[in-house]
Amino acid sequence: MKKYMHQVHYYETDKMGITHHSNYIRFMEEARVDFMEQIGWGYAKMESEGIASPVLAVSCDYRHSTTFSDVIEIDVAVLKCSAVKLHLGYTMTSGGRVVCTGTSTHCFLDNAGRPIVLQKVMPDFWNAVSSLASGAATGPSAPQPSL
């Protein structure tokens, strides 16, 4: 998997010149969208098939600050994929050090808003993410969520 790169914009910083903490959640979303495209299951494709994937939970652990124009490299890893939930981990580095780690949990819904079972409704997607969760081609050693 290719890392997602984000260069910090001026508007993403606060009065002290530090990247505002709320932006790291957005960076995780940008990296997740890129990750889904890389595995062949971009959000446009899923939505065209009548599938939505809302966020159920998100967490961030801030380690070091970043500032305007810093480049943040974001690794996305599949931590766990169950029948109805996907757990992702994020490791964000800049200048060779970890600046933030995070996790997000997602479910999958049909057009009526009902949860779907991934293996039945999206077997190709299930195979793609479950193979990544087993350790084949996973990203960084991401933090483990409390499941």
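β3 and β4 form a hairpin with three residues between them; strands here are DSSP runs of E of at least two residues, helices are runs of H or I of at least four residues, and both are numbered from the N terminus. Eight bridges join this antiparallel pair, and two strands count as paired if DSSP finds at least two bridges between them. The model is predicted, so local features need pLDDT of at least 70 and side-chain atom pairs count only at pLDDT 80 or more, while totals for chains, interfaces and linings use all residues. Residues are numbered from 1 along each chain as its sequence is written, and side-chain values use heavy atoms, with hydrogens and water left out.

**The chain as a whole**

- The chain holds four helices and five strands, and along the sequence they follow the pattern β-α-α-β-β-β-β-α-α.
- The radius of gyration is 16 Å, close to the 15 Å that the globule rule gives for 147 residues, so the chain is as compact as a globular protein of that length. This radius is taken over C-alpha atoms, and the globule rule is 2.2 Å times the number of residues to the power 0.38.
- Along its principal axes, the C-alpha trace spans about 50 × 30 × 25 Å.
- Of the 147 residues, 44% count as buried; buried means under 20% relative accessible area, exposed means over 50%, and partly exposed lies in between, with a 1.4 Å probe and protein chains only.
- The chain exposes about 7700 Å², of which carbon and sulfur atoms supply 53%. Accessible areas come from the Shrake-Rupley method with a 1.4 Å probe, and for residues only the protein chains shown count as cover.
- Among contacts (heavy atoms within 4.5 Å) between residues at least 6 apart in sequence, 66% join residues at least 24 apart.

**The sheet**

- Five strands make an open sheet in the order β1-β3-β4-β5-β2, with antiparallel pairing.
- The edge strands are β1 (4-7) and β2 (55-62), each of which pairs on one side only.
- Neighbouring strands of the sheet are turned by 20° against each other on average, direction ignored. Axes are lines fitted to C-alpha atoms, for helices over the stretch in contact, and angles run from 0 to 180 degrees between N-to-C directions.
- Strands of a sheet pair through backbone hydrogen bonds, either parallel or antiparallel.

- β1 is joined to strand β3 (residues 71-81) by four bridges, and the two run antiparallel. In this pair, His6 stands opposite Ile72 in β3.
- β4 and strand β5 (residues 97-107) run antiparallel and are joined by 10 bridges. Leu88 has Ser104 in β5 as its bridge partner, and Leu86 stands opposite His106 in β5.
- β4 and β5 also form a hairpin, with two residues between them, and Gly95 in the turn has a positive phi of about 60°.
- β2 pairs with β5 in the antiparallel sense over seven bridges.
- Both β4 and β5 are mostly covered: nine of the 10 residues of β4 are buried, as are nine of the 11 residues of β5.

**Helix α4 on the sheet**

- Helix α4 (residues 123-133) packs on the sheet and touches β3 and β4 (85-94). The direction of α4 makes about 105° with that of β3.
- Phe125, Trp126, Ala128, Val129 and Leu132 are buried in α4. Seen down the axis of α4, its buried residues fall within an arc of 165°, so they line one face of the helix. The arc is that of the directions from the helix axis to the C-beta atoms.
- The cover over the buried residues of α4 includes α1 (23-38), β3, β4 and α3 (118-121).

- Val58 lies in strand β2 and is partly exposed, with a relative accessible area of 42%.
- The bridge partner of Val58 in β5 is Ser104.
- Leaving out residues up to four places away in sequence, Val58 touches Ile25, Met28, Thr103 and Ser104.
- Val58 and Phe35 are 23 residues apart in sequence, and their C-alpha atoms are 17 Å apart in space.
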